[in-house]
Amino acid sequence: MNKFWAQLSEHRRRTSATTIVELFRDAPDRFQSFSAECDGMLLDFSKTSLDETALDLLVELAEQADLPSKIAEMFRGEAINVTEQRPALHTALRAQSGAAVMVQGQDVMPEVLHTLQRMEGFAGALRSGDHKSATGAPFTDVVNIGIGGSDLGPVMATRALAPYHDGPRCHFVSNVDGADVTDTLKGLDPQTTLIIIASKSFNTIETMTNANTAIAWLRTALGDQASEHLAAVSSALQKTAGFGIPPERVFGFADWVGGRYSIWGPVGLPLLIAVGRENFRAMLSGAAAMDQHFQTADLRQNLPVLLGLVGVWHSTICGYASRAILPYDQRLARLPAYLQQLDMESNGKSVTLEGEKVTRASGPIVWGEAGTNGQHAFYQLLHQGTHVVPAEFLVAACGHEMELSHHHDLLKANCLAQSEALMTGRSVQQAHELAQSRGYSGDDLDRMAAHLTFPGNRPSTTLAYPRLTPFALGQLIALYEHRVFTEGTLWGINSFDQWGVELGKELAVTLLPLIQGATDPTKDGSTLGLIAKLTPPKPKH
């Protein structure tokens with residue numbers, strides 16, 4: 001593989017002066033060669049500096065990394081998460097074929113389907129009003145309490161599919177800051193509110209702190225009947241029983257489903273409650289279709305692979321340290337935050353699968369905002385800043401608000417204009433002409449022209465789809481999951497553990513007593529000084 005890394009770096013060195021505009025000038029049909037489609041979803045990566053040679057080398061790199069074999073291993077349920085000795089089999093939660101999926105000699109699909117049917121039965125009864133509150137009234141609101149993968153996925157997907165909501169209203173609490181749970185519960189009626197506590201271990205300190213606060217809120221109104229307003233997404237049945245939650249309202253999932261990959265199963269329960277069985281299954285179908293494409297499509301026409309190759313080119317070969325996720329779809333406003341966890345928790349590693357140090361740039365910083373809002377916030381840096389940030393645009397051909405189609409036309413025009421402007425920029429000559437038209441002359445003309453010049457040659461990709469339907473959302477999430485896996489495979493790292501999350505959590509446990517008044521002189525001076533500053537003064541008597 002080192003040969004291909006070296007060849008890619010050398011090719012980049014030799015061609016870095018060639019602009020994207022020049023690539024289009026030399027190959028007017030470049031769009032056809034540098035785009036691919038799957039089930040109506042189109043990936044355009046023609047506005048990048050990739051040429052045929054670079055793409056060839058990247059494909060060879062993927063082949064040398066045994067990417068096709070690694071894909072097969074993942075779907076077979078092999079223990080590809082080597083540091084935890086377990087599979088990464090979230091794809092089984094959306095499998096549509098009915099074929100057996102084996103883990104340690106056991107077919108896991110019967111249990112997967114049984115859990116899905118239990119979820120659908122519970123959600124259906126809530127939605128119809130058959131499952132009533134302790135007061136005999138239908139539930140009107142559902143509050144999901146979780147954090148990380150137990151929050152980001154459900155929040156993102158529930159907001160994305162807002163046009164399909166016809167069930168109880170869904171709300172989400174994640175931050176241990178008391179403001180989050182207070183503001184969420186304010187205005188809700190405890191007599192018609194269901195609380196879902198989402199924690200696989202039922203031991204996540206932020207989630208359980210918020211859960212205890214919400215339960216106290218229920219008990220104030222319902223007394224001992226508060227537990228009738230609780231459900232859980234957890235595998236810790238003894239602990240959920242201790243909260244008075246019966247097994248029929250507890251939905252667990254196996255340890256081969258990582259938190260950030262868990263939207264497809266019980267963690268998706270609030271989404272299922274909001275949109276119903278048909279729409280939830282359509283999302284699973286979209287993901288399953290992308291799974292099939294990922295397994296069978298040629299690498300050169302494989303959307304997740306191509307997106308991953310572009311990411312590796314930008315991060316490792318070009319040295320771009322971040323990527324901006326820019327959905328021109330307001331209902332995908334939480335997608336950048338969701339992809340931050342999916343990408344940075346998966347590939348934010350500096351150790352290889354063999355335990356050696358990663359010697360080249362790997363996982364980038366992922367950030368973003370919905371368009372057009374981002375245009376009035378940080379696009380200045382994208383266009384004229386000293387850092388080159390590859391931009392990843394997402395846009396639908398049609399919105400759901402057909403009576404407001406002129407809004408969507410303007411949205412699409414902005415999206416396409418931004419990717420074009422990033423590529424073409426504005427030349428010095430064009431800037432001079434513009435400054436002159438505004439009345440500048442002499443030294444003022446040169447000075448103003450400098451401010452009006454855009455360097456251009458800034459790369460972007462565009463992901464286009466017909467409309468943000470449940471099927472399209474499933475495609476989209478699975479596409480990015482597999483993109484992360486592709487990149488991790490090429491970098492030789494484990495995309496399915498997250499040891500870097502642990503240390504801060506461990507230290508927080510030891511620091512809590514100090515915040516509450518205990519002492520520990522072995523702590524560093526900064527930490528002790530901050531504790532003193534953050535300790536409220538004792539009241540004067």
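Mentor: Start with Ala 198, which is buried because its relative accessible area is 3%. Buried means under 20% relative accessible area, exposed means over 50%, and partly exposed lies in between, with a 1.4 Å probe and protein chains only. This is a predicted model, where local features need pLDDT of at least 70, side-chain atom pairs count only at pLDDT 80 or more, and totals for chains, interfaces and linings use all residues. Residues are numbered from 1 along each chain as its sequence is written, and side-chain values use heavy atoms, with hydrogens and water left out.

Ala 198 sits in strand E7, residues 193-198. Helices (H or I, at least four residues) and strands (E, at least two) are DSSP runs, numbered from the N terminus. Which residues touch Ala 198, leaving aside neighbours within four places in sequence? They are Asn 144, Ile 145, Gly 146, Ser 150, Thr 207 and Val 233. Contact means heavy atoms within 4.5 Å. Look at Ser 150. It is 48 residues from Ala 198 along the chain, yet their C-alpha atoms are separated by 6.0 Å.

Now a buried loop residue. Thr 352 lies in the loop between H13 and E11. Thr 352 counts as buried because its relative accessibility is 16%. Not counting residues up to four places away in sequence, Thr 352 touches Lys 357, Val 358, Gly 492 and Ile 493.

Next, helix H13 itself. H13 has 13 residues, 335-347, and at 1.5 Å a residue it should span 18 Å; its end C-alpha atoms are 17 Å apart, which agrees. The expected span is 1.5 Å times one less than the number of residues. Ten of the 13 residues of H13 are buried, so the helix is mostly covered. Among the buried ones are Leu 335, Tyr 338, Leu 342 and Asn 347. Their cover includes helix H7 (152-160), strand E10 (322-328), strand E11 (365-368), strand E12 (391-396) and helix H18 (470-491).

Last, a helix pair. Helix H6 (residues 109-128) and helix H11 (residues 269-296) pack at about 125°, with their axes 8 Å apart. That makes H6 oblique to H11. Angles under 35 degrees count as roughly parallel, over 145 as roughly antiparallel, 65 to 115 as roughly perpendicular, and the rest as oblique. Axes are lines fitted to C-alpha atoms, for helices over the stretch in contact, and angles run from 0 to 180 degrees between N-to-C directions. The contact includes Phe 122 of H6 and Phe 280 of H11.
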